[in-house]
Amino acid sequence: MSLQEIPPEFDELLNQFLEDELSADEFAAFEKTLRENPQARNYYFDVLDINSGIAGNRTDRLRELDRVILQGIKAPQPAQERSTSPPSRGGGRGIAFLLVAAASVSVLLLTEWIMTGHFFWNQPEQVVQPDNKASEDPPLALSDSYVATLSRSFDCKWGNDNPPRFSGQRLLSKNLTLLQGIAEFRFDSGVRLVLEGPTTISIDSATCAKIASGSVVLHGYESSPEFELVTPQARFYDIGTEYGAKVAEDGGTELHVFQGAVRVQPEIELAQISAPLVVNEGNARLIEPETNKQINLEPTRFKREVPGQPKALTAVRKELLAYDSFHPPKIADPARFSDWRNSGFGWTTPWRSRAQKLSEAPGKSLPQLSLQPDQKSKDQTGSIELERGNTAWRSLEKPIRLDTDALYYLSFFIQQAAEPTAAGLHYGNISLQSDQIDKLTGQRDKIMFGVNSQNYPTLLLKGQTQEKAPPLLPETTYFYVAKIVASENAPDQIFLRVFYEDETIPDQEPLIWTCVSTPFKDSNIYPHIRIHAGKSSKYRFDELRIGSSWESVVNFQDPNKLSE
């Protein structure tokens with residue numbers, strides 16, 4: 001059964017149910033649809049926030065409803081055996097909700113038990129894919145963890161079988177051979193390593209690398225863990241350091257200390273060294289099997305940074321895949337009714353209420369309110385406001401694909417419009433949505449960036465939720481930037497950085513991220529973007545960008561004013 005086969009009258013019944021306006025017969029029809037139509041049940045759960053938003057997960061809510069059932073609340077009787085009086089308002093709405101939810105959960109639990117012999121929260125050790133095929137991917141081993149990022153490169157030619165392909169790509173521990181060019185790796189420990197070809201190096205961990213031959217420059221930081229660079233003759237340990245190391249084919253090693261100091265631990269017994277040697281700033285040494293001597297410092301023999309100029313705006317524009325300023329071409333009277341749903345580029349549809357529906361998305365236009373602090377164009381004025389469970393969907397011309405080697409960035413401004421006055425679901429978020437439906441939860445696979453009900457920045461994806469204190473403030477604008485690293489034959493990983501109003505947005509992606517996912521495997525395609533506000537919240541959104549580079553999503557120029 002497809003999504004289009006949800007009975008057309010179900011929307012109206014659901015709306016009437018939410019408003020406590022169902023008659024007994026209508027309630028019976030509503031319940032029957034929930035029992036017999038999985039897509040309608042999925043839609044129902046989504047709308048009623050059983051598992052929409054980042055405040056919780058569906059399994060927990062189903063467990064809670066199951067607990068209620070087992071404690072003595074019975075599923076509703078068949079329609080012909082129920083009272084003919086319609087549900088009452090107030091408490092009746094809560095009871096009706098619980099009865100329908102309990103009945104739906106009972107059906108789900110019974111079906112799961114009959115089909116598998118166990119409940120879905122007590123699954124055997126097997127991963128079920130959305131296409132109902134068992135996963136052929138082995139579980140991630142501890143060694144399958146990322147340790148560094150290729151942050152920049154210039155004129156590079158690689159010699160190994162599986163080289164880095166683009167700046168921003170994450171790297172597993174591996175052997176690398178740079179035949180020519182200059183490349184910078186940023187380790188997760190905070191250290192930067194600049195390689196000049198030809199260089200052969202092995203990245204062992206976030207705090208250790210081995211250089212067999214070639215030239216490297218290490219940029220260390222006092223707050224970072226000690227980094228160990230292993231050469232054939234000695235091990236170097238940085239002390240808040242910038243230093244260069246050259247290793248000849250025969251293993252002879254030069255150490256040039258530009259800033260800070262380096263602790264040297266010889267690999268072999270060297271003359272004149274009976275204990276670790278500390279080489280201070282402004283000094284250099286040659287270390288060979290028969291030689292250990294001071295030499296002249298020669299900074300010009302090293303490539304200490306990757307050359308290059310900032311990208312031209314036209315190049316940045318080409319890397320921007322989709323954009324929406326939420327600027328209404330025409331301001332209506334009253335202004336909140338202005339049509340904000342068709343602006344921008346990179347989309348195949350306007351903003352709509354559901355993924356598979358053409359009805360226009362709910363939401364208020366704020367044509368005079370921009371969340372972007374430095375306005376670049378009059379066409380960037382305007383933002384949107386969603387509240388009380390509002391959801392807006394739009395489809396991309398170029399979907400975000402996690403089944404290949406690729407790099408994506410997403411950015412937007414977000415603001416909680418007011419301090420919540422009552423308890424409830426206060427979250428707001430933007431998510432990538434797949435067309436694949438998870439067999440266990442009935443939900444679309446998604447990657448979500450937002451604010452949870454405790455006001456913490458939150459990243460949610462397949463089986464993991466990353467949250468970070470401190471909580472964000474109402475009526476305050478924050479700038480979200482997400483990085484999505486997709487790999488065909490290696491783990492994927494996602495990063496989220498939240499910038500405060502007084503922070504400067506860097507030209508290059510930051511060293512520190514607010515939320516970082518653990519590596520995971522996902523081969524889904526995400527063709528949709530969803531914006532959502534919890535049922536007890538009001539959120540504003542502005543300047544949504546999706547691109548293939550950091551620069552494309554943090555440049556606040558109006559891309560419509562740039563030639564492609």
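Modeller: Here we take the labels one by one and set each value against its definition.

Modeller: A word on conventions: this is a predicted model, in which local features need pLDDT of at least 70 and side-chain atom pairs count only at pLDDT 80 or more, while totals for chains, interfaces and linings use all residues. Residues are numbered from 1 along each chain as its sequence is written, and side-chain values use heavy atoms, with hydrogens and water left out.

Biologist: What is the mean pLDDT of the protein chain, and where does pLDDT stay under 50?

Modeller: The mean is 79, and 76% of the residues reach 70 or more, where pLDDT is the predictor's confidence in each residue, from 0 to 100. Values stay under 50 over residues 49-99 and over residues 107-143. Where pLDDT is low, the predicted coordinates should not be read in detail.

Biologist: How many helices and strands are there in the protein chain?

Modeller: The chain has 7 helices and 25 strands. These are DSSP runs numbered from the N terminus: helices are H or I with at least four residues, strands are E with at least two.

Biologist: Why is strand S17 called largely enclosed?

Modeller: Buried means under 20% relative accessible area, exposed means over 50%, and partly exposed is in between, with a 1.4 Å probe and protein chains only. In S17 (residues 428-437), 7 of the 10 residues are buried, so the rest of the structure largely encloses the strand.

Biologist: What makes S17 and S18 a pair of strands?

Modeller: Two strands pair if DSSP finds at least two bridges between them. S17 and S18 (residues 444-451) have 7 and run antiparallel, with isoleucine 430 opposite phenylalanine 449. Their hairpin has 6 residues between the strands, and there glycine 442 takes a positive phi near 75°. S17 also pairs with S24 (residues 525-533) through 6 bridges, again in the antiparallel sense; asparagine 429 stands opposite histidine 532 in that pairing.

Biologist: Which residues touch the most other members of the largest nonpolar core?

Modeller: A nonpolar core is a set of buried Ala, Val, Leu, Ile, Met, Phe, Trp, Tyr and Cys residues joined through side-chain atoms within 4.5 Å. Of its 44 residues, Trp351, Phe449, Tyr480 and Ile529 touch the most other members. Phenylalanine 449 is in contact (heavy atoms within 4.5 Å) with residues including Leu410, Leu432, Tyr480 and Ile494, leaving aside neighbours within four places in sequence. A second, separate core of 32 residues includes Leu150, Leu171, Leu218 and Ile287.

Biologist: Why do tyrosine 478 and tyrosine 500 form an aromatic pair that is edge-to-face?

Modeller: Rings of Phe, Tyr and Trp (its six-membered ring) pair if their centres lie within 6.5 Å; planes under 30 degrees apart count as stacked, over 60 as edge-to-face and the rest as tilted. By this rule there are 20 aromatic pairs. Tyrosine 478 and tyrosine 500 are 5.1 Å apart, centre to centre, with 85° between the planes, an edge-to-face pair. Tyrosine 478 lies in S21 and tyrosine 500 in the loop between S22 and S23, so the pair ties together parts that are 22 residues apart in sequence.

Biologist: Are these two tyrosines buried or partly exposed?

Modeller: Tyrosine 478, at 4% relative accessible area, is buried, whereas tyrosine 500, at 31%, is partly exposed. Another edge-to-face pair is tryptophan 513 with tryptophan 550, at 6.1 Å and 90°, and both tryptophans are buried.

Biologist: What makes arginine 317 a charge over the ring of phenylalanine 345?

Modeller: The rule asks for NZ of Lys or CZ of Arg within 6 Å of the ring centre and within 35 degrees of the ring normal. The charged end of arginine 317 sits over that ring, 4.0 Å from its centre. Lysine 483 does likewise over phenylalanine 495, at 5.5 Å.

Biologist: What sets the backbone of phenylalanine 326 apart?

Modeller: Most residues other than glycine have a negative phi, and most peptide bonds are trans. Phenylalanine 326 has a positive phi of about 60° although it is not a glycine, and phenylalanine 326 is buried at 1% relative accessible area. The peptide bond from glycine 197 to proline 198 is cis, with omega near 0°. Alanine 469 and proline 470 are also joined by a cis bond, with omega about 5°.
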